[in-house]
Amino acid sequence: MTAQITIGTDSAGKPVEFDIEELLATRLLVQGNSGSGKSHLLRRLLEESAGMVQQVVIDPEGDFPSLAEEFGHVVIDGSAYSPGEIEALARRIREHRASVVLDLDGLEVEQQIRCAAQFLTALFDAPREHWYPALVVVDEAQMFAPAAAGEMAEDTRRMTLTAMTNLMCRGRKRGLAGIVATQRLAKLAKNVAAEASNFLMGRTFLDIDMVRAADLLGMERRQAERIRELERGHFLALGPAITRLPLACKIGPVKTGNQVRSEGLMALPDTAPEDMAALLTTDLASDVAKAPPPPAPPPAPRVEDMEDSIARAEERQVETPAEPVDTSAVARRIGEIIRELASEEGVAFQSASAQYQTFLSRCRRERLIGPMPDMRAFRRRFAVAGAGLEELDEVLQARIMELAGAVEEDLLGPFLVIAKAAHAGETQVDENELARAYGTSSPGRVRRLLDHLERQGLVVVREDFGGDRTVMVPGLEPLANG
């Protein structure tokens with residue numbers, strides 16, 4: 001899969017490419033006055049990268065729900081859920097890697113800000129095993145990260161500033177790549193704007209915004225007039241994910257969005273003045289009349305009907321249960337995939353979340369339907385397969401896994417390698433195999449690993465004057481003595 005997308009063309013008509021992998025590490029700031037084409041730019045970026053990376057859009061104006069029709073984004077109506085449900089949704093979004101649009105159009109401004117802040121905080125606080133890469137797009141970011149106190153309550157302002165600062169300053173290690181778009185740089189909190197390394201600056205007219213934009217682009221103050229002269233849909237680009245020198249870019253076309261909305265003039269109706277007056281005033285009272293009362297609730301069921309319903313429910317409970325579905329073939333194939341991954345070169349050096357995601361991708365590719373191991377179960381089975389523990393008989397496997405019960409998950413693989421070697425009577429562990437199980441190529445890390453396991457009482461290490469180390473596992477008898 002390529003990580004490059006085409007965002008538009010330069011002044012010579014050559015394509016301007018965007019490196020999505022680099023964007024995940026360096027973040028993006030988009031600035032431009034109303035009508036400069038910010039939403040069009042964000043839509044182009046989202047459409048072109050939709051198949052590459054998870055996307056989460058904070059949409060205060062209801063501009064992006066149309067992404068659902070073409071690209072399968074899930075639209076979440078912020079006004080339909082309680083604060084607790086919004087946080088639970090955010091946690092599930094990170095867990096299942098769903099691309100979503102949080103539509104805040106149905107809320108008042110302060111409610112929008114609180115809802116977005118709680119949503120972003122829950123994304124940021126997701127468990128470590130769910131730190132998958134995701135683009136987090138925040139449109140109208142000056143609302144959510146204001147540079148100065150406004151009309152909102154002070155606790156709301158602190159909440160939203162904390163959420164936006166966490167996204168832009170600390171989100172990278174959690175897989176969150178912030179993309180913020182604002183009408184005015186002067187209204188955006190400086191600690192939020194300063195964390196972006198990529199910039200797309202559109203047309204702006206106020207001197208203070210032009211000066212800040214020129215500073216971010218590394219341009220001289222006298223060159224700031226160039227920003228005022230940009231046409232709609234044209235942006236100055238700079239950053240490691242786009243270009244190392246400021247580059248004028250015309251944003252390409254999009255597939256989604258409201259195509260019927262007109263930005264220009266259209267002919268007025270040719271209705272005569274008296275007819276227009278009649279359309280506006282006739283039967284006006286009916287429009288302000290009270291709404292019809294809600295329909296009456298359905299009548300309560302009779303006691304006899306309730307007794308019959310309860311009796312039928314009890315009968316269904318004692319019916320013969322359906323025959324269980326045989327999932328043994330799926331379970332066998334899942335075990336084979338885990339063993340294949342454990343034997344592949346380089347997989348052991350990936351993070352646990354990357355290994356688990358590769359495993360799930362292969363299961364989806366083979367359309368395996370059945371109970372899947374969760375992250376913790378997968379890590380244990382991957383460690384067992386990587387250490388070759390399945391080659392031993394079941395009694396010995398159970399004994400070794402019993403001794404490994406107190407071992408931390410990220411140390412389980414190397415401990416199983418040591419235990420298997422100790423049972424075979426090998427007092428000197430193959431350090432290359434141990435390093436592979438630990439996912440490292442550093443001899444120093446392997447030494448620190450053995451020291452840590454010894455301090456935990458899980459192994460006993462003896463080193464002779466020649467530097468050779470003997471490793472034993474207390475409670476595990478070697479094969480020669482068994």
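View 1. Helix α11 spans residues 273-281; helices are DSSP runs of H or I with at least four residues, strands are runs of E with at least two, and both are numbered from the N terminus. Of its nine residues, the number buried is zero, so α11 lies largely in the open. Buried means under 20% relative accessible area, exposed over 50%, and partly exposed in between (1.4 Å probe, protein chains only). This is a predicted model, in which local features need pLDDT of at least 70 and side-chain atom pairs count only at pLDDT 80 or more, while totals for chains, interfaces and linings use all residues. Residues are numbered from 1 along each chain as its sequence is written, and side-chain values use heavy atoms, with hydrogens and water left out.

**View 2. Q54 in strand β4.** Q54 belongs to strand β4 (residues 54-59) and is buried, with a relative accessible area of 4%. Its side chain reaches the backbone oxygen of I93 at 3.1 Å, and a polar atom of that side chain lies 2.9 Å from the backbone oxygen of A98. Leaving out residues up to four places away in sequence, Q54 touches I93, R97, A98, S99, P133, A134 and L135 (contact: heavy atoms within 4.5 Å).

**View 3. The largest nonpolar core.** This core has 46 residues, of which L29, I58, F119, V138, F144 and M164 touch the most other members. Helix α5 (residues 109-124) gives the most to this core, with eight residues. A nonpolar core is a set of buried Ala, Val, Leu, Ile, Met, Phe, Trp, Tyr and Cys residues joined through side-chain atoms within 4.5 Å.

Terms used:
Polar contact = N/O pair within 3.5 Å; in protein donor to acceptor, adjacent residues only side chain to side chain.
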